[in-house]
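My entries follow in the order in which I looked things up.

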Amino acid sequence: MNWTRSKIIWIAAAIIVVNGFFPAVWILLTSFKTETELLQVPITYLPQAATLDNYIAAFTAQPILRFMWNSVVVAGLSTALCVLVSALAAYALTRLKLPHRNLIMSLLLAVAMFPLISLMVPLFKLMRELGLLNTYLALILPYTVLSMPICTLVMASFFQDIPSDLEAAAMIDGCSRVGALFKIVVPLSAPGVFTAAILAFVNAWDEFLLALTMMNRVNMRTLSVGITLYQGEFAFPWPLISAALIVAIVPICILIAVFQERVVGGLTAGGVKG
Amino acid sequence: MAQVRLKNVVKAYGSNEVIHGIDLSVESGEFVVFVGPSGCGKSTLLRMIAGLEDITSGEIAIGGRVVNQLPPRARDIAMVFQDYALYPHKSVFENMAFGLRLRKLPRDEIQRRVSDAAGILQIEHLFERKPRELSGGQRQRVAMGRAIVRQPKAFLFDEPLSNLDALLRAEMRVEIKKLHQKLRNTIIYVTHDQVEAMTLADRIVVLQAGKLVQCDAPDAIYNRPAAHFVAGFMGSPPMNFLPCQVGDGGRILHLPGGIDLNVPANRVAECARHSGRSLTFGLRPEHISANAQSGASSAPVSARLMLIEPLGSDTLGVIRLGNGEEAGEITGRFPPEAGLSVGQSLSVSLALNRFHLFDPDSGKAIRGADW
């Protein structure tokens, strides 16, 4: 019984891992192939004559480092802003005697479910009126707002577990309420804060539609949009695009790897009191 | 050290008033204990003094300054919490130094104060540890250390010992008392444990349902309770209560089971004012003795022993006084060598000069001029 059960778990885990990893692995393998090899029949799985030419081309054909810098700025600043605002919101929702708290929570959740496409036109008009098109703020502000509901909910679930006496102690020791939040509550909710930050960062890093709409100057493109510039009108250089994609994925992989333990703790918290 | 003064302090949540106008003055260097059952408002009152709860009306002054509108950090008080409330991510040293760092004290001053406090509490060897690596007693010491280093105007303790086991609780109680004797700080201490209240306090404030019932020295609280509630709450086992009828112009108390007690001459006047009335008669267990002695100050009463609870140092015996259906049951505290056995008939004597009378309607104690 136990043996069968563990076998099923292993098979299920394997399916999930293969399903998740296959596209990434396939892109990685493609990035080392030549275009000729990619199109030959029968297909080859491992590169027959591995080459780094695609990577060299990825850095020379388009200003990919500039795209990456744009992405880092937009994702980094929107994440910082989002975490700051969400921490305050989560604190207010969990600690202050707010009337209609549950209604506010539900509304937050509802806002998170708006399809982005329905916001596109009003957001574009707003940014144009504010003269923010082709500036980082045109993406930082919407990304902050779009990630805020989920970040707030994640942090709120963590803040709830922090005994309120700790804040009381901090306030008596000399903190203001906001001081107690950032000196005591936030450090103690580190896994939740990291989880929220990574969610916000990945959302911003991956976002395409807004980035395409708000930035039409090449040097303001973010990575996700910049990668589309590698394709020509009639040509679709898969190995080159794959190489560019791998370059785009690497920072996120490093980020997740560094904070993995904290994120895993964060995503599973609430299930078990810890 | 400073005086803490409460003037008609009220707390209400919406229309629900939970603290009903408390007036109290805690003198500089005094150790005052708030005691009462769960939900009586003692912790709320303490948190109002700390500034952690707003007050609905009234005035709180610390060191002569009204602090109603001041946040906790500006009140210059320190608090020790029931669950210690140590910062889990900081070491013992940093826990103690946190408040001093926030007040931007020089580094060597912080070091000196933390070391001094740690020396008093014998926790210097724990400086590098995190709270999770400490035992309950050590955490409690660190929490007290964190309060001491601040050198505040007043210390507030919110049931600080209730999470400790009985042995450690007794040990820490002594520590707190020694600490107060050494530092002579103003302390307001909340507990539901009457032993803590009796042993620690200079004055005890007994609270019931958000009202101050009595504020007095421990001895007075125990021996001259102002109300039925205080008499029943302080003392273990609690005071015995029986309904009684005052007869013969205050010279006799009729108790259930056909027992008539002769009121001693010095208390006749007090009883005479209530002649003919039904009152509540109260007597502490230690004022009942198994060796019946007849005299002006004690009355022999026939009784039957219903239950025995040996405590080692004494034996508690539940006895049924007198005869008949309405005979009252009371608990007496007897020496272990009295050789009592369940079901045994005996003659007990009630110390007549120690009984208490309470108004059954208001619950207030009825006292004579000399009482």
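Entry 1, salt bridges. I looked for salt bridges between chain B and chain A and found two in the count. This is a predicted model, so I take the pair below as computed from it. I noted B:R150 with A:D173 as a salt bridge, with the closest N and O atoms 3.5 Å apart.

Entry 2, the side of chain B. I then asked which elements of chain B give two or more residues to the side that touches chain A. They are α1 (42-50), β6 (77-80) and α2 (92-102) of chain B. Sorted by class, that side of chain B has 13 nonpolar, two polar and eight charged residues.

I listed the contacts and found 23 residues of chain B against 17 residues of chain A. Interface size is often given as the accessible area lost when the parts come together. For chain B and chain A I wrote down a buried area of about 1600 Å². Carbon and sulfur atoms give 66% of that area. I also looked up polar contacts across this interface, and the rule finds eight residue pairs, both residues being at pLDDT 80 or more.

I checked B:I288 and its bridge partner in β19(B) is B:L350.

I looked up what β11 (residues 240-247) pairs with, and found β14 (residues 278-283) of chain B, antiparallel over six bridges. Within this pairing, B:C244 has B:L279 in β14(B) as its bridge partner. I found that β11(B) is also joined to β12 (residues 252-255) of chain B, by three bridges and again antiparallel. Here the bridge partner of B:V246 is B:L253 in β12(B).

How many residues lie between β11(B) and β12(B) in their hairpin? I counted four. In this turn, B:D248 has a positive phi of about 50 degrees.

Terms used. Residues are numbered from 1 along each chain as its sequence is written. Chains are lettered from A and ligands numbered from 1 in the order in which they are written. This is a predicted model: local features need pLDDT of at least 70, side-chain atom pairs count only at pLDDT 80 or more; totals for chains, interfaces and linings use all residues. Side-chain values use heavy atoms; hydrogens and water are left out. Contact means heavy atoms within 4.5 Å. Buried area is the accessible area (1.4 Å probe) that two parts lose on being put together, summed over both. A salt bridge is a side-chain nitrogen of Lys or Arg within 4 Å of a carboxyl oxygen of Asp or Glu. A polar contact is a pair of N or O atoms within 3.5 Å; within protein, one must be able to donate a hydrogen and the other to accept it, and residues adjacent in sequence count only if both atoms are side-chain atoms. Ala, Val, Leu, Ile, Met, Phe, Trp, Tyr, Cys and Pro count as nonpolar, Asp, Glu, Lys and Arg as charged, and the others, Gly among them, as polar. Two strands pair if DSSP finds at least two bridges between them.
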